[in-house]
Every structure is written in C-alpha cells, then in structure tokens.
Amino acid sequence: MSDIDNGRRLRAVDDGLLRRREAIADLGDALRLLIENATATEAPTEELIRAAERIRRAAAPLGERVRGRFESAAADDLLGGVRLYNPVTGAGSAFAPPLEISREDGLAVGTCTLGLAFEGPPSYAHGGVSAMLLDQMLGYAVSVSGHPGMTGRLDTAYRRPVPLHTPLRLTAEVAAIEGRRVTATGTIATADEPGEVLVEATGVFVALRAEQAQRLFGPVIGRNRESRAG
Ligand SMILES: CCCCCCCC(=O)SCCNC(=O)CCNC(=O)[C@H](O)C(C)(C)COP(=O)(O)OP(=O)(O)OC[C@H]1O[C@@H](n2cnc3c(N)ncnc32)[C@H](O)[C@@H]1OP(=O)(O)O
C-alpha cells in the first residue's frame, strides 16, 4: 500500500472514530433530555404508559451488540484518558450531568448544572451526587499532577445545600504527596458566587503498585491493547 493510500486509510479510521464519538455524545444528550423530562414530567398517566413502550422499543436495537465488563467501549481510548461513558464526565453517559473539567493555573475547574434527576432535599442536590462530583474533581487533579491513584478516602463537609438548575463551579487541587498517598482538596460553589463554598472535600488517593494495577485492570488493559493493534 502506498503512503498516500495508507494516509487515506488512517484518515478514514479517524473520521469514523470521530463520527462515532459525535454520535455517542448526541445519543447521550438525547438520553439526558429523556431522564430530565421523565423526572420532571406531570404528563397524563396514559402518556407515561405510551412513553415506556416507545422507550423499550428504542432501547432494543442498542442491546443487540453490547460489550462485557472487561471490554472498554470501541470509541474510548483508555490509555489516552477518553472515557465517553464515565458517569460524571462522559458525554455518552445517560446520567452524567456531564461535568466539564479544565485546568486554570494549576487548579482543576469544573462546571455543570444539575437537573431534577439529581434532587435530594427538595430543590437541592443529593449529597451523594456532590460527593460523586468532588471525587471526580479530586481524581482529575491527582491524575494531572502525574501521580494517579484510586480514592482511598473522601471526606465531605456540606456547608450549604447545592441548588439545582443553577450553574455550578467546582475546584480541586493537590495539597500533598507522601509516598503512594496523594491528598487533594476541592470545593463546590455556584458560578455566580464562587467565593461562597457550599461543599468542600478532602480526599486521599493511593497509587497502585504494579502488581495491584495488573490484578485489578490487567484484563481490561490487555483487551484494549489488542483491539488497538487489530
Ligand atoms: C481522571 C480520573 C478521575 C477518577 C476519579 C474517580 C476515582 C475513583 O472513584 S476510584 C474508585 C473508588 N476507590 C476504590 O475502589 C479503591 C478501593 N480500595 C483499594 O483498592 C485499596 O484500599 C487501595 C488501593 C486504595 C489501597 O490498598 P493498598 O495499596 O493495599 O493499601 P496499603 O498498601 O495498605 O497502603 C498504601 C498507603 O496508602 C494509605 N492508605 C490506604 N488506604 C487508605 C485510606 N482509606 N485512607 C488513607 N490512607 C490510606 C496507607 O496508609 C499507606 O500509606 P503509606 O504508604 O504512607 O504507609
């Protein structure tokens, strides 16, 4: 195969992957709309019954080809950090807000708006949802510091309730690295009042030993490498 042909083939692969990722994100948007509307709806009972039938019909073809626990999604790039179905940040996840995280001068900054599907106390976020967001934020800060690890401990202090339907601003940063332990801290505030902390968290992340990483993730990483090579 000539270099030009090879280049075209590679571009076709990239275009195909890009198109699939866009389709996954679009399906994710549709599912999130479905979840939000299904949570907020006060439609007549007959409409709920019809909707359940239609949704089951729409779900069936998606279930015809599925992956198992040890297979990563074809559109993911596990080693490159692309996780389209991450339940917090994944564009393809039906129940991820999704949280968007970027880096600003060494600080991880996240933005999202929580809908009624995340409600705990009426009109405010469920406490477990805040912990989930902060776990992801702290994990991201730990990861980009170059010392990735798994959450060993996550302490959350709920200072004020987190309002739904309100743009939020989250932050996280690494506070200390001691051997295999990395401590990170983070906050949730509203975008309008970033100085008023609603929830704060401190987490301890533990770097895995090579043998632990192999035991826990070996099957998934092995399959991911095989499918990249093939
Ligand atoms: C961008 C990516 C974002 C991802 C964000 C999401 C992150 C996650 O949600 S990860 C999923 C949730 N976490 C888990 O499932 C982890 C489950 N726990 C485990 O697998 C293990 O307990 C694990 C790996 C954390 C530690 O086990 P192990 O390596 O055997 O611990 P061990 O050798 O006893 O301790 C290692 C060090 O960590 C410390 N440590 C271990 N556990 C904890 C803990 N819970 N709290 C504080 N310190 C701890 C120990 O004190 C020790 O410190 P030192 O080296 O200074 O003596």
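Predicted model: local features only at pLDDT ≥ 70, side-chain atom pairs only at ≥ 80, totals over all residues.

Q: Thanks! How many helices and strands does the protein chain have?
A: There are 4 helices and 6 strands. Along the sequence, they follow the pattern α-α-β-β-α-β-β-β-β-α.

Q: In what order do the strands sit in the sheet?
A: The 6 strands make an open sheet in the order 1-2-4-5-6-3, with antiparallel pairing. Strand 1 (100-104) and strand 3 are at the edges with a single partner strand each, so one side of each has no neighbour in the sheet. From one strand to the next, the twist averages 20°.

Q: And how many bridges link strand 3 and strand 6?
A: They pair over 8 bridges, in the antiparallel sense. In that pairing, threonine 151 stands opposite phenylalanine 205 of strand 6.

Q: Which helix packs on the sheet?
A: Helix 3 does, and the strands it touches include strand 1, strand 3 and strand 6. Its direction makes about 130° with that of strand 5 (181-190).

Q: Switching to the ligand: which residues come nearest?
A: Gly139, Gly152, Arg153, Val204 and Val206, out of 17 residues around the ligand.

Q: Which element gives the largest share of that shell?
A: Helix 3, with 5 residues. Strand 3 (150-158) and strand 6 (199-206) each supply at least two.

Note on methods. Residues numbered from 1 in each chain as written. Near = placed C-beta within 6 Å. Pairing = 2+ DSSP bridges. Axes fitted to C-alpha atoms, helices over the stretch in contact; angles between N-to-C directions. Contact = placed C-beta atoms within 7 Å.
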